[in-house]
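Hello,

Here is the structure I promised to pass on. My notes follow below it.

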Amino acid sequence: MHMPDFVARSVLANILAALCLTPAQAETPGGEAFVAAFGEVCIPERLSYKGTLALAEELGWSPVITGENADYDRFIAHTADMLAEETAEDPDFSQGSDGAWFTREIGGRSHLLAVSYLLSEYLDTVGCYLYDFAATAPIDPEPVTSLLGKEIAYTTDGDDPFYAVDPALLVTTVWGPSPHLPRTGDTYLTFIPQGSEVAAQTGFTGLVLKFSTSLPNREEFEE
């Protein structure tokens, strides 16, 4: 099952932003461990779907088992429904897709990892997404800046009314492609609070960090 890039395409890519998170948000604990876990599993094998799956297992990520976590089950079902809708709208776009879901504790609580690929006439990509459904506030974006070696491009939590979005809906920070990660596109860090209207579309509340990488070829899918 491929998880569509709905966060970027349906919500994030349509929202521009401003400059930086507020000091109160920067004090939210746990951000460094979250970002480090993302970098550990999503970066080294980002040019390979199968390589990322193998790395996730080596790092102790366990495949999600249906029935063990109701929140995960609902979210996975939600993404499957969204994929079905997108496929119905443009049945010729995808030339192949799949995805895998993993879970692991970080900082004493469960996190969800999604790895997916999408083959199309225009671009073949691998997506890597890390979720913390228990997060109750945005995290300091600085660890992501350090991980990528790239300054923030924009964030929705700013003073410019052209870019700003009500933080009761979401807070998103975006980095452009890192010079240290060839073929990897923008990186998105998003927090969706409890009660947000956006949650009906995304299917979750909490925190997600994600990027997608264009594949150099399709050799691993032709074996």
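Is D71 buried, partly exposed or exposed? D71 is partly exposed, because its relative accessible area is 41% (buried means under 20%, exposed over 50%, partly exposed in between, with a 1.4 Å probe and protein chains only).

Please keep in mind that this is a predicted model, where local features need pLDDT of at least 70, side-chain atom pairs count only at pLDDT 80 or more, and totals for chains, interfaces and linings use all residues. Residues are numbered from 1 along each chain as its sequence is written, and side-chain values use heavy atoms, leaving out hydrogens and water.

The structure holds four salt bridges (a side-chain nitrogen of Lys or Arg within 4 Å of a carboxyl oxygen of Asp or Glu). One of them joins D71 to R74, with the closest N and O atoms 2.3 Å apart. Both residues sit in helix 5, three residues apart, about one turn of the helix (helices are DSSP runs of H or I with at least four residues, strands are E runs with at least two, numbered from the N terminus). R74 counts as exposed at 53% relative accessibility.

Another salt bridge pairs R109 with D132 (2.5 Å, N to O). It links distant parts of the chain, with R109 in strand 3 and D132 in strand 4, 23 residues apart. D132 is buried, at 4%, while R109 is partly exposed, at 36%.

D124 and R218 also meet in a salt bridge, at 2.7 Å from N to O. This pair spans 94 residues, from the loop between strand 3 and strand 4 to the segment after strand 8.

Best wishes
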